[in-house]
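I opened my notebook for a walk through this one. My notes follow, in the order I looked things up.

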Amino acid sequence: MSSNTVPRRSAEHFVAPVSETPVAAIDQVKLSDKRSNLWTDAWRDLRHRPLFWVSVAFILLFIVVAIAPGLFTQVSPDKQCVLGNSNGAPTAEHILGYTKQGCDVFSRIVHGAGASLSVGFLVIAMSGITGALLGSVAGFFGGWVDSVLMRLGDIFFSIPYILAAVVIMSVFAAYVNVFVVALAIGAFTWPSTARVMRSEVLRVKNSDFVMAGTALGQNRFALMFKHVLPNAIAPVIVVTTLSLAAAITAEATLSFLGVGLPAGVMSWGNDISDAQSDLRSNPATLIYPSIALTITVLSFVIFGEMLRESLDPKARAQR
Amino acid sequence: MVFYVIRRILQAIPVLIGTTFLIYFLVFAMPGDPVAALFGDKQPNPELLKELREQYHLNEPFIVQYLYYLRDVVTGNFGTSFSGQSVNAVLADTIPVTARLALMAVVLEMIVGVAIGLVAGLRKGKLFDLSSLVVSLLFLSVPIFVICFLGQFLLGFKLGLFPTTVGADASLPRLLLPAIVLAASLVAVNIRLTRGSVIETLGNDFVRTAFSKGLSRGRVIRVHVLRNSLIPVTTQLGADFGILLVGATVTEGIFNVPGVGQTLYQAIIRGERPTVVSFVTVMVLFYLVVNIVIDLVYAVLDPRIRYVK
């Protein structure tokens, strides 16, 4: 065996000419400048988009309304109802008129914001965190852990989540509150977050800088938390924002079907459901809560879309 | 191809078992005694209770009960609805109506969505593109039942273009308004998808080649751009189907269309839990089958799919 004879290299080494990079250009890079990354790039893009600011303003407004409805209306949504005002026309103090029960429509919309937003945020707190956790575990460990988690996700994904929520809500009809509704929606929406998280972790895991980290002898878990997750999280945040919008719609749909929040709880879905019988004589009672619902969902959808377009260079090129 | 078909069907089996198990588990976890509930406030004979329990295998352990249920599902026996009719008989009456409605909605959605998406993609950044973005985001955000009421109120009641409810006679012209409403809830995703796909296809080398061969703009767009852009749109149909099922439930309920969705809607409104569960099971099975079929059709259309391991 002559395996230890090294073949002699005959070719000359080619060295790229260094003179092509002007030294002046290197001097111009200021080390004190903040290094640009995915998020600073996205921010630089986002802050020039009016639609982004409009959606942020609406989201903040609705959050304030949900936390402190008393700031916006002095009229009680359910204590000052007079049946004599049933389906009454708007007046100076009751700008949107009255419901069938003679309650102030504007006040009911203001007080109904809390239910919608809290269900939305609870759903993403549950399904977003579960999905991100299971997805990153599946992507990080791979192998049978990945197979088991993803097949499990397939099962939950195969049932349209509103249908699943209808079944869960019929089962727990006696114990309905905001948490149960959020759980019913979140229990079947986590796989979409998990899928995105997993594919992002897989993508980042195979990139060169992670391999460099491994080669330098960095611990697997440290690598995961310091390098893989921060680079994989952006699309997950976008999906989470969009599923927040979907959760608000889902809550309203469930309440509309009568299997969401109980009738006593103030929510836009319940109000729209109550107003449907008087659609012809008094469409305003149905239309105003619908507008509030639509603007809320639209704000989150636009926020998510803007975020997605700014974070994804491919989408930025499509504009 | 045969290998791909077999593998796709085998993959569906654990999902089928999982979904039915999940639904059954939820029903099993329902509080209250289902047999006692049958009698309402009356005190039934204990002998009769025992007999009923044995008839429905309620004394067996959970897993045995589940296997009985799975046997019923596989053999196509979905039990009886609240009114005493067998679910199969109800399905036989209602499926043709829902199928007609769904097909009309999908055709409308495809035509409108692809047309708007194509024009928006070709005129990227122009006024048409921006307004189609705003409109599609709006339709993406309005819940289906609000679209239903608006359609019913404006098109049906104010303008009198369509009958406001459908009723027993579910002929094509009477189904048009519910179909438009259902299509409106789906069209936004289709517009966005077609637009993105058209823009991506336009950047391909084969499009540049087609132009440089001297083909007319119309021919390049029709033959080269549109056909290649439609692939992701076709795949989306499978996911759309889930939205369609929920949408049909709400739309048929509001417009009083005598379909599967309305039966489920009525059962939900009246709190008839066993009927709700039977119909949801049927819908989920239907959804699984449709998605398998779409995957197979897709594999026929695009050979790359069936060769990927």
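What percentage of the 309 residues in chain B is buried? I found 34%, counting a residue as buried if 20 or more other C-beta atoms, placed from the backbone, lie within 10 Å of its own. For chain A, buried residues come to 42% of 319.

A note on conventions: this is a predicted model, where local features need pLDDT of at least 70 and side-chain atom pairs count only at pLDDT 80 or more, while totals for chains, interfaces and linings use all residues. Residues are numbered from 1 along each chain as its sequence is written, and chains are lettered from A and ligands numbered from 1 in the order in which they are written.

**Make-up of the chains.** I looked up the secondary structure next (DSSP runs numbered from the N terminus: helices are H or I with at least four residues, strands E with at least two). Chain A has 13 helices and zero strands, and chain B also has 13 helices and zero strands. I then checked contacts, meaning C-beta atoms, placed from the backbone, within 7 Å. Of the contacts with a separation of 6 or more, residues 24 or more positions apart account for 72% in chain B and 71% in chain A.

**A bent helix in chain B.** H5(B), residues 87–122, has 36 residues and reaches 49 Å from first C-alpha to last, close to the expected 52 Å (1.5 Å times one less than the number of residues). I located a kink of about 40 degrees at Thr94(B), shortly before the proline Pro96(B); the bend is the angle between axes fitted to the seven residues ending there and the seven starting there.

**A helix pair in chain A.** I followed H4(A), residues 105–141, to where its axis comes within 8 Å of that of H10(A), residues 220–257, crossing at roughly 145 degrees. Axes here are lines fitted to C-alpha atoms over the stretch in contact, with angles from 0 to 180 degrees between N-to-C directions. Among the residues that meet are Gly120(A) and Gly128(A) from H4(A), and Ser243(A) and Glu251(A) from H10(A). I sorted the residues of this contact into 12 nonpolar, seven polar and one charged (Ala, Val, Leu, Ile, Met, Phe, Trp, Tyr, Cys and Pro are nonpolar; Asp, Glu, Lys and Arg charged; the others, Gly among them, polar).

**Where the chains meet.** I found 40 residues of chain B in contact with 39 of chain A. Elements giving two or more residues to chain B's side include H1(B), H8(B) and H12(B). By class, that side has 32 nonpolar, seven polar and one charged residues.

Key: A residue is buried if 20 or more other C-beta atoms lie within 10 Å of its own, exposed if 12 or fewer, and partly exposed in between; C-beta atoms are placed from the backbone. Two residues are in contact if their C-beta atoms, placed from the backbone, lie within 7 Å.
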